[in-house]
Amino acid sequence: MIIIWALAALLGRAVAAADSDVMMPGQFHHRQKRLTIETISDKLKTMDYAVRGRIAIAADKFSEDLVVAKRRGVSSDFPFDHIIMTNIGNPHCLKQKAISWPRQVLALLQLPDELGVDHPSVHELFPSDAIERAREMKRALDGNGLGAYTHSKGAKPFREDVASFIERRDGARSGSVDVESIFLSSGASEAITMLLTALIRDSTCGCMIPIPQYPLYSATLDLLGGKKVGYYLDEDEGWGLDIDDLERSLNEAKAKGINVVCLVLINPGNPTGQVLKENEVKDVLLFCARHNLVLLADEVYQENVYEGEFFSCRRAADELGLIDQDSVQLCSFHSVSKGVYGECGQRGGYVEMTGIDSDVINVLFKLAASKLCSNSTGQAMVSLMVRGPYKGDVSYDKHEKEKQAIYEGLKDRAKIMSRGLDKIAGFSCKSASGAMYCFPRIHHLPKGAIQASEELGMSPDTFYSLDLLSSTGICVVPASGFGQKQGRYGFRTTFLSKESEAVVDKIR
């Protein structure tokens, strides 16, 4: 009993001592928060993604204000009744209809078997080829449906569909595309970030990027601490590519001590809309082989070609003999977000790697595995994009008709937008041969606007874009967000909206 009392006394003193060290809630108020704008990563603060930057944020706020005014039954303070979001390649946001057949297959994949493929009335609701494809894809997912993790590279049968697609597209020999060098990703952006993460080993590493370029590249390089090595596209030559300028850019970077490890090629171009010719693509492949640079081929707009013909980097490498010689390293990206599918929200994409050693693939697999797997719905949509219904299937004619209607609409609006902008006094705009964008130049901004923009700490074309938004409700992206030559001003706009003709008139 004496021992128990002694232990109790010791325990009481220990508890009392512990209580004396406990801080009450009111005693925390003097502490500085650990995560603040001052302590957050400088690289993250430096990173800028103009497509959803200042103008898009303002557009979202205006849109909310319009909704509130409508709900209250009062007039808004704006001279327009809705926002036209031409800032981003987001087709379904601008009323593009989803293509029927892939959505039918996806619906069956999402449903439990008893409510979907095995339901007694399934043939009354879905075409037979959609039902059979859904059953096949469920088997490819080991019978688990879309709710389970897949292999970290993506479900192998879906990757096999991608390999076959590439071989058909490029006229490559059967079996020449290695399925183990294909990673399915949550949109092409995730795969691009994965490769840049692998390539930018330290702050001495640089990546050659086109100017203008899609801001994903500059933003990711800022985040990784890599160097941006710009090469200029020639606006006067329809945003053509000049190998001499590539050589100049590379030599200047080397002179600064930058270890240039890769080159980004965007074809068809974003934001510029050009489609490179076969000889231009081959010149880039030879340049990369000559200087031992990994080529990152952003080819997500390969279906969006309205003038000319798409010629893939992999086909160029194959025809030049660079693949057989193992003389080039190439990573090619594609996505369900663009083309005629426009399924941005499904987040499906892939990277196919050529000339990349298996031990490097294994390290990249480790990076992919750290995220477990990409979105399974996106993986399924990739499979459906690269392998649609076959000719003779019940859905084939309707599927092709829907795709063609979307394509023709894009082609028509590309002409309407580019020609319309080019006719505006003080503007010029090159023809949009591909992709989803026009990139007009504003030749004369008033000196007062330039001065006002400087006083506000923004670029002159950001000032113009904010004014355009405030007066017309049109949301564009300032050209400065993509990079451009000193003294050039402009913006990027999509031609996805059915209101494209009205957009030109309002800008005018």
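Reply: Start with helix α13, residues 358-369: twelve residues at 1.5 Å a residue should span 16 Å, and its end C-alpha atoms are 16 Å apart, so the two agree. The expected span is 1.5 Å times one less than the number of residues. Helices (H or I, at least four residues) and strands (E, at least two) are DSSP runs, numbered from the N terminus. This is a predicted model: local features need pLDDT of at least 70, side-chain atom pairs count only at pLDDT 80 or more, and totals for chains, interfaces and linings use all residues. Residues are numbered from 1 along each chain as its sequence is written, and side-chain values use heavy atoms, without hydrogens and water.

Me: Which residues of α13 are buried?

Reply: Ile361, Leu364 and Ala368 are buried in α13. Buried means under 20% relative accessible area, exposed over 50%, and partly exposed in between (1.4 Å probe, protein chains only).

Me: How do you know that the buried residues of α13 line one face?

Reply: Seen down the helix axis, they fall within an arc of 65 degrees, so they line one face of α13. The arc is that of the directions from the helix axis to the C-beta atoms. On the other side of α13, Asn362 and Lys366 are exposed.

Me: What covers the buried residues of α13?

Reply: The cover includes β2 (182-185), α8 (187-199) and β8 (349-354). Contact here means heavy atoms within 4.5 Å.

Me: Why is Asp326 called exposed?

Reply: Its relative accessibility is 53%, so Asp326 counts as exposed. Asp326 sits in the loop between α12 (313-319) and β7 (329-335). Its phi is positive, about 55 degrees, although Asp326 is not a glycine.

Me: Why is Leu372 called partly exposed?

Reply: Leu372 has a relative accessible area of 40%, so it is partly exposed. Its place is the loop between α13 and α14 (376-386). Leu372 also has a positive phi, near 70 degrees, in a residue other than glycine.

Me: Which residues does a cis peptide bond join, with omega of about 5 degrees?

Reply: That bond joins Ile211 and Pro212. Pro212 is found in the loop between β3 (205-211) and α9 (215-224).

Me: And where is Pro268 found?

Reply: Pro268 is in the loop between β5 (259-266) and α11 (278-291). A cis peptide bond joins Asn267 and Pro268, with omega about -10 degrees.
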